[in-house]
Amino acid sequence: MVTSEQKDLVKATVPVLRENGVALTDYFYKRMLKNNPQLKETFNMGHQRSGAQAKALAGAVLAYAENIDDPSVLAPVVELICHKHVSLNIQAPDYDIVGENLLHSISEVLNISMEDKLIAAWASAYQQLADLFIATEKSLYAQQEKTPGSWLGWRDFVVARKEKENSEITSFYLVPKDGKALPTYKPGQYITVRVMVPALGIKQPRQYSLSDSPGGKYLRISVKREDSRAENQDPGYVSSTLHNVIAEGDTLEVSAPTGNFFLVNPDRDNVLISAGIGLTPMIAMLNQLITDNAQPDNGALSQEVKTLPSGAIAESKKQISFIHAARSPQVHAMRREIQQLAEHHSNLHLYVAYESVSEGDVCGKDYQALGRLDLSDVPAHLLPKQADYYLCGPVPFMQHQHAALLALGIPQENIHSEAFGTGGVSL
């Protein structure tokens with residue numbers, strides 16, 4: 001238990017965390033990884049390189065200190081992080097390593113003795129948080145154990161097909177090496193893929209949304225190659241390896257599907273709003289909605305795009321609005337796949353906004369808006385008030401569209417979102 005005195009001591013560090021939190025967490029990561037190099041295969045070294053993980057953890061530590069009187073307000077964030085931890089196969093003993101290094105980092109950065117009351121206060125506070133994480137993750141692991149076809153830890157998958165979607169995005173069709181069944185996951189969830197990165201000489205994990213609905217003989221991820229387009233931006237370790245090194249027939253380590261961003265109710269109208277590579281979980285949701293959990297048997301992973309004629313299943317009368325923003329048609333992944341689905345299913349309505357187009361692109365046919373996506377320009381019938389709304393994309397995009405939906409009168413409880421990137425930093 002954290003005593004009242006200890007809570008007061010933790011809360012007293014809030015100004016220090018606001019001012020020096022990133023310096024503290026950066027020091028913590030460097031200390032921990034130096035003392036425990038095996039954890040480099042668990043933590044995202046790309047985010048270590050950029051400083052993004054230290055910044056995210058600093059925010060998490062600050063939020064915990066600010067809310068230590070009632071940590072329950074952080075429950076949604078805790079759930080998000082716990083799903084990430086399970087996808088990385090983090091276990092209870094790992095928290096002892098993190099705790100030891102965090103406490104020593106506080107002592108060394110703030111230049112106070114390990115016997116100081118503040119260290120004891122943070123030790124109790126950290127243990128309280130760790131116990132919450134461990135209990136939540138234990139429950140998630142138990143769910144995986146009882147899910148048919150699921151697994152714990154890492155499972156070997158073979159790249160059965162590698163398909164280039166455009167100049168930036170490639171899809172990987174993964175089949176289990178052991179030939180056993182796959183679980184029925186929730187559309188919108190993700191897996192973690194772990195590969196050997198030649199540039200680092202170690203394995204690295206990355207989370208990727210599953211870009212197809214469940215029920216097939218494979219798991220599909222669609223990966224954007226992160227190039228160094230901006231100054232001082234390095235190429236992505238894992239995305240570059242997957243695009244440039246991994247070939248069909250190669251083996252990857254994969255964790256079981258997880259995540260708390262998924263299709264909630266297929267029996268309602270649904271609006272899927274995405275930007276860039278954020279469309280990958282939306283494709284999984286879309287295919288689930290379209291096929292009503294029925295998929296054709298494509299045992300050999302046919303090169304044909306998976307589309308079902310409208311007579312193949314009972315056509316749903318529920319509306320689906322698929323709203324997407326991209327820089328241009330050239331980097332709009334799975335464009336034809338989505339268009340073919342719309343051609344066969346009258347309840348699917350598309351709205352695409354491009355920042356730039358080519359001379360041959362026709363407004364009203366190939367796209368609906370030129371420039372950044374503005375929901376106030378979207379026809380009202382595509383944004384029904386009582387639909388479920390799903391958002392995925394860069395954080396600024398998400399924030400803007402979330403505010404726009406609220407302004408349009410969409411109830412907060414109907415808006416579901418997931419930002420891809422550093423979100424859900426591992427503690």
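## A tour from strand to core to rings

Start by selecting strands β7 (residues 270-275) and β11, which run parallel and are joined by five bridges. Strands here are DSSP E runs of at least two residues, helices are H or I runs of at least four, and both are numbered from the N terminus; two strands pair if DSSP finds at least two bridges between them. Before going on, note that this is a predicted model, where local features need pLDDT of at least 70, side-chain atom pairs count only at pLDDT 80 or more, and totals for chains, interfaces and linings use all residues. Residues are numbered from 1 along each chain as its sequence is written, and side-chain values use heavy atoms, with hydrogens and water left out.

Pick out Asn270 and look across to β11: Asp388 stands opposite. Now show all of β11, residues 388-393. Six of its six residues are buried, so the strand is largely enclosed by the rest of the structure. Buried means under 20% relative accessible area, with exposed over 50% and partly exposed in between (1.4 Å probe, protein chains only). In a regular strand the side chains alternate between the two faces of the sheet. Here, Asp388, Tyr390 and Cys392 are buried on one side, and Tyr389, Leu391 and Gly393 on the other.

Next stop, the largest nonpolar core, with 67 residues: select Trp122, Leu174, Ile221, Leu242 and Leu252, which have the most contacts inside it. Such a core is a set of buried Ala, Val, Leu, Ile, Met, Phe, Trp, Tyr and Cys residues joined through side-chain atoms within 4.5 Å. Helix α7 (residues 117-146) supplies the largest share of this core, 11 residues. Another core, of 22 residues, lies apart from it; Ala275, Ile323, Val378 and Leu405 are among them.

Now for the rings. Phe, Tyr and Trp rings (for Trp, the six-membered one) pair if their centres lie within 6.5 Å; planes under 30 degrees apart count as stacked, over 60 as edge-to-face and the rest as tilted. That rule gives seven aromatic pairs. Select Tyr95 and Phe133: their ring centres are 6.2 Å apart and their planes at 45°, so this pair is tilted. Tyr95 belongs to helix α6 (residues 92-110) and Phe133 to helix α7, 38 residues apart. Tyr95 is buried at 5% relative accessibility, and Phe133 is buried at 1%. Then try Phe28, Tyr29 and Phe43, which form one aromatic cluster.

Finish with Arg49, whose charged end sits over the ring of Tyr237, 4.0 Å from its centre. The criterion is NZ of Lys or CZ of Arg within 6 Å of the ring centre and within 35 degrees of the ring normal. Lys186 lies over the face of Phe262, 4.2 Å from the ring centre.
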